[in-house]
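Trainee: I have a structure to go through and some questions about it. Can we take them one by one?

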Amino acid sequence: MRFSCSLLIVLIGLTAHAQSPSSPKSLPAKRTTATIKIDGILNDTAWKTAPAALGYTEFRPTPFKPEANELRTEVYMLYSDEGIYLAGYCHERTKDSIAAEVNGRDGFGNNDFVGFIFDTYKDKINGFEYFVTPRGEQMDAKMTNNGEDFSWNAVWKSAAQIHNDGWTFEIFLPFSAIRFSKSNIQDWGLNITRRRQKTSQQLAWNPINPNVNGFLTQEGYWTGLENIKPPLRLQFSPYLSYYINHYPANQPGLSNWTSSVNGGMDLKYGINQAITLDMTLIPDFGQVQSDNRVLNLSPFEVRYNENRPFFTEGLELFNKGNFFYSRRVGGSPLHFGLPYSQLATNETVVKNPTETKLINATKVSGRLKGGLGIGFFNAVANSQFATIADDKGNERTIETSPLTNYNIIVLDQTLKHNSSISFVNTSVWRSGHDYDATVTAGLFDLYDKKNTWNLGGKVAVSNLTNYMPDGSSLTGYSHSAYFGKASGRFRFNYNQELADDKFNSNDLGFFTNNNYFNHSIWAGYNWLKPTTWYNRINLNFNLFYSQMFKPLRYQNANINMNVNGQLKNLWYPGFGIGFEPKTKNYYEPRIPGRVFNGWGDWYANFWLESNGAKKYSGYIEFLYVDRDMFKSKRYMLYFQHNFRFSQKMSLSHNISLEPQTNNVGFATIDAATNDIIFSKRDIATIENSLNLKYSFSPMMVFTTRVRHYWSRVNLKELFTLQQNGDLKQNTTFTNASAPNYNDFIFEAQFNWQFAPGSFINLMYKNNTNLFEAIPYGTKSGDSYFRNFGRTLESPQNNNFSIRIIYFLDYLELEKKLRKNKK
């Protein structure tokens, strides 16, 4: 974790002091008819004549430094009618030089690894990555210009062996685990990387110049693949789950114990060689990680992470333009608060689900030979109802969310020189009289031939049908544009973003507010050539200026700079400083048209991360903010430390302390006068978490997570917000309260991959929270430990579940049937 405000961009970039070779490397593809046993031992005769990818160079910490002969990397590649065979020998001086931790799938951890990056369409924008560790553990991802998506998972085989002078590996990638065109003869983009964790070295087969934008733009080639045919891709993952839950409701006629049995299926079907259909039928997300809930004092919604697998995997196309927030799908009912406003004096709400129930969800995505990426997403959520009962036991229901259909269409055409243009359309349709919503956008991202200069932007229009009180629609407009230098030791980017007062993309996206006109500039300069005391240093400068669009008025600004880098001992220090002039806050008053004349401040922060390859490692950060209103101060101390007991067991602890004095913010509305009441307040926030992992084997992992969050507000003084935005002390109003919030989570999970793509998951969850409203004039004297104790004494929700997922591949089933017939 590193502190970051909207402008504090911590760029851990690299800069080369030499130039990469002008011509990329090339490796001829060779077909084999042999059946190679994937055991990590390179004794199959096929490897003796396999083309070898040799001659690796560093790109961290010393770009273009050739690998030493005694540490050389030897990689061999073959292909067959069914897939790709990969093998290699990573030499080391001693066995102790190998970092080999049992970490589980998609967890790099404290491991050496070798990775293969295939750009099957040679567009230098989209790639597939496959990594293997000395323990044979797998990581895979899709790579785009926007980064890596490790939530994408394919089914493939790998094995590794550790020797006294290094480690060896073997991989088999079935063609069903990768996407490619139907051409008779194909050349693929290729690069191969190796990490030596204990020395923080990363090497590449085709040299990487960190001074050049992009990783795929610097790939080599695997040439001459002939007559490879995309197989029929039809895969099923049926599941069966059982849940038992206990919550001490202790209400007559309502059992404290509940249980349920669920069943459903995920399906993957290759419509053609490039396009894949993903579908989840009767989805079950009961075993996903619980949200890290926080106390929200801001006027905006908190954005929580998406933990549901179907909504995290393969979303690189759907995230174009940042119009998709998957938590909207199956999220909170549209009219969740409606039942509470329609209660008679003798009625109470006895049931009001906080989430809507998904019926199904479907994704169709892929990229055609000509570079056109196609994405189609559709999900249907059922109607949701709240139950209201009177004091005689009579019940009635109120619809809190109608039957809803969520849809996204994306077309993304790759162009020359790492460029692209895109079209995005999102829509939310609701049955009945509720409004519907659409957003339509065009995007472009262009680079010059030398991959140095970048120009891009987007234009979007939103439309809310039947939204206004008279039944009319609301149409809004937004755009952004950016220009910058993307390669070189010196880089910069200028960005402009505008949304009018009618634009709204919140129904399927995450959108806090409209009516803004923002400008930002980032500039960075890097030193990479290692010296006697550092490996690299990065200097960053940021400037931000925001205005309200209608009418055009100043809102806020920020200027900051930071410096960070890597020392010779592989520690990472950083320091930042910034200044914000006084703000005009149009959102904190909670009523449109009102403004709060906010504070200005200056701030500084420092962070230090130790060498993560050591058994004990840590990260610490300190932030100090000095505000010019009521001598307000904010402090933040974050500390994380990790200890590896063995290659199988590790423990990590995180604590965050964030006290604030004399903070100023919205408190309530005076119902008698409609005055907006602000408060001067002290805020204390502590977050404490502990994570334990034990890996019985690469296929069998136990994890546990404990988190306690506490945030308390003490109101010290109340004010009335004046029409000019200033505050006036209010000594007569006292009907205000301050929150005291605790959230506790305990989760323990056992995952066993008993066959490729097949899992048995056991999970226990314990969750409780405590919320109190402390009246103004009453200071809560409870300490952190007292709050922790009272939280554990509160009613707790306990849940135990077991889930079995079995992976079925049509081709494998067909092979077994043919074999049995013989």
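Trainee: Which residue in β5 does Met-77 stand opposite?
Mentor: Keep in mind that this model is predicted. Strand β4 covers residues 73–79, and it pairs with β5, residues 83–91, in the antiparallel sense over 7 bridges. Within β5, the residue opposite Met-77 is Leu-86.

Trainee: Which are the edge strands of the open sheet of 5 strands?
Mentor: The pairing in this sheet is antiparallel, and the order is β2-β4-β5-β11-β10. An edge strand here pairs on one side only. That applies to β2 (52–53) and β10 (157–163).

Trainee: Is Arg-308 buried or exposed?
Mentor: Arg-308 lies in the loop between β17 (275–281) and β18 (347–351). Its relative accessible area is 11%. Buried means under 20%, so Arg-308 is buried.

Trainee: Which side chain does the side chain of Arg-308 join in a polar contact of 2.8 Å?
Mentor: Leaving aside neighbours within four places in sequence, Arg-308 is in contact with several residues, including Phe-285, Ser-326 and Leu-358. The polar contact of 2.8 Å, between side chains, joins Arg-308 to Glu-306.

Trainee: By how many degrees are neighbouring strands turned against each other on average in the open sheet of 3 strands?
Mentor: The order in this sheet is β18-β21-β22, with antiparallel pairing. Its edge strands are β18 and β22 (395–401).

Trainee: Which residue in β21 stands opposite Lys-351?
Mentor: β18 and β21 (residues 384–390) pair in the antiparallel sense over 4 bridges. In β21, Lys-351 faces Thr-387.

Methods. Residues numbered from 1 in each chain as written. Predicted model: local features only at pLDDT ≥ 70, side-chain atom pairs only at ≥ 80, totals over all residues. Heavy atoms only, no water. Pairing = 2+ DSSP bridges. Helix = DSSP H or I, 4+ residues; strand = E, 2+ residues; numbered from the N terminus. Buried < 20%, exposed > 50% of the residue type's maximum accessible area, 1.4 Å probe, protein only. Polar contact = N/O pair within 3.5 Å; in protein donor to acceptor, adjacent residues only side chain to side chain. Contact = heavy atoms within 4.5 Å.
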